[in-house]
There are 2 protein chains.
Amino acid sequence: MENNILLARLKPEIDSIDEAMRRDLQELAANNLIAPGLAEVLQHALFNGGKRFRPLLCVLAAGLCGRRGEDLYRLAIAFEYLHVATLLHDDVIDHAETRRGRPPVSCLFGLAPAILAGDFLHARSMFLVGTIGGRECLEILCRATEAMVAGEFLQLANAENFNQLEDDYFAVINGKTALFIGAVCECGAIFSRADKEEREALQTYGSCLGRAFQIQDDLLDYLGDPARTGKVVGNDFCEGKMTLPLIHALNNCNSREKKFLLDLLMGEKEQRCDWLGEARDIIGAAHGFDYSRRVAQQLTATAIGSLDIFSDRGNEEIVASLAGLAAYVLRRDK
Amino acid sequence: MENNILLARLKPEIDSIDEAMRRDLQELAANNLIAPGLAEVLQHALFNGGKRFRPLLCVLAAGLCGRRGEDLYRLAIAFEYLHVATLLHDDVIDHAETRRGRPPVSCLFGLAPAILAGDFLHARSMFLVGTIGGRECLEILCRATEAMVAGEFLQLANAENFNQLEDDYFAVINGKTALFIGAVCECGAIFSRADKEEREALQTYGSCLGRAFQIQDDLLDYLGDPARTGKVVGNDFCEGKMTLPLIHALNNCNSREKKFLLDLLMGEKEQRCDWLGEARDIIGAAHGFDYSRRVAQQLTATAIGSLDIFSDRGNEEIVASLAGLAAYVLRRDK
């Protein structure tokens, strides 16, 4: 499906998600739970051109299993809240200077508002999931959040390990990205009182999509057009971050090239930035990019394939949207 | 009740709370949800001589309404988790250098582990409350967490306002401390399937106790013995923080004294530290300390009085423990 057709089809859902978010914030304000300073921070953090990828997946997953209604959108926004909460905290941790081309909350408003607004959205997210999705959804989401933190700690622990295996990489991205997106889809299914097979299919769709999404992110970091991504090329390598293209290259290049890469990784950041072009050439020649692209394609194919069980139930349009989103993840350039 | 009699009576409950916490962490580890680095951080953050005040209140409140059992302790630890999560984040926000006489997680392990471990405990807390306490408890706790953040924002917004009314002060401490402690007691009651009257009585007990606790904290900041509190005397004044003794004094001293205090508050931190003795004398002469002590006493009396409805039900021992805790809050010197 073309991007613009997909977008046109999803636009009404995205509008409903934004509307549910605005109404929820109004409700909180009416209960005196949003101090003036907090309102401004939440506005900046929540309405900044986010793609609403996670709530959209929740809405589509629930729709696929046959149930909709106003409460679904209130459940769906919980996942955007939790996502934005982690972005707020990530930006503090990474001392980030931009987020979607704008200064992040942590720069614009400071450390305290960024951490506190994250905590606020975290609590609100759990509240919505627990009260609308019920005990099972709360359990799945908390587990995914715990796994997210475990993934971050694993990444910190692996930061200086330049002999990583692919398994180490996947353990991190499963925790940090994939399980959460799988949980979002599964919660949509649970909201729709789906059976076990449907829940598992949607969990598989989400977690495979999440992994593909992360790999595509890693590829864009090396190969993207800064004018499109809004990010500096090669940032991961300059930071010494081990992503799939680099891990594959280290395990498949010759010993001279391996020594060159390892010397850079164990050296200074400045050196890595200076030699980025050469490093990228080695990774390319060792098929680090081709291989990663292939893995992402396989994951996307698995994600789309898991939707087969829904195809004979008059759900063609939603299946096509979910397949379209999966294809979009692969071809996105920002 | 004497401190040591109270402590001896509560010791078995505190041991059961610690035991439930250890078992819960083991369960998480068995599910691969605690990366090695995270385990160390949680150990440091959770087992550092905390008084287990909140879980203890939950256990006593539930006991007062007639129900106990293993699950109660698992519910109770959720409140310690949430409390420690806020301490972890507070220490990052305040750039704190000590916590209970030791370096805090943010100093010892760094910014990222402190923020992430806080998020982990936050999620775990919501999970336990939602699954054991049910929808109503989750709702109350999330609301209290939202109020906590609102209180912090209000405090940030009021930071440069030296003409505060008592109401401003109470709005902040209600959000930051009192509602959470009220929620803890109410959740204990809900766990015990208490009726509305009992729930409200315990909510009143907890929130009044929380306010008294905070006022006693403010008094200790000015008047405590550093050898006991482990804190520098007069830190709040040096930081220009508006607490009840100072607010009362500003509204009750003569215009020359008021100008003296306001000049200091609007000036440099160093000056405030140099003139701390004089400021404290003015606050004392304007009855800022007496008045605050009286308010704390009244709140404690209200807290204890709210337990009257339980007194004729053979619960003398638990009522005495809760009254003892309230009295302890008033006479504590650290």
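B:Cys187 touches B:Cys58, B:Leu75, B:Val129, B:Gly133, B:Cys137, B:Ile140 and B:Leu141, leaving aside residues up to four places away in sequence; contact here is C-beta atoms, placed from the backbone, within 7 Å. This is a predicted model, where local features need pLDDT of at least 70, side-chain atom pairs count only at pLDDT 80 or more, and totals for chains, interfaces and linings use all residues. Residues are numbered from 1 along each chain as its sequence is written, with chains lettered from A and ligands numbered from 1 in written order.

B:Cys187 also turns up, with A:Ala117, A:Cys187 and B:Ala117, among the residues with the most contacts inside the largest nonpolar core, a set of 221 residues. Such a core joins buried Ala, Val, Leu, Ile, Met, Phe, Trp, Tyr and Cys residues through C-beta atoms within 7 Å, where buried means 20 or more other C-beta atoms within 10 Å of the residue's own, placed from the backbone.

As for how the copies pair up, a rotation of 180 degrees with 0.0 Å of shift along its axis puts chain A on chain B at an RMSD of 0.0 Å (least squares on C-alpha atoms of residues with pLDDT of at least 70 in both). That is the relation of a two-fold axis. The copies meet through the same surface, because 100% of the interface residues of chain A are also interface residues in chain B.

On confidence, the complex gets an ipTM of 0.90 and a pTM of 0.92 from the predictor. Chain A has a mean pLDDT (the predictor's per-residue confidence, from 0 to 100) of 92, and 100% of its residues reach 70 or more.

Key: A residue is buried if 20 or more other C-beta atoms lie within 10 Å of its own, exposed if 12 or fewer, and partly exposed in between; C-beta atoms are placed from the backbone. Two residues are in contact if their C-beta atoms, placed from the backbone, lie within 7 Å.
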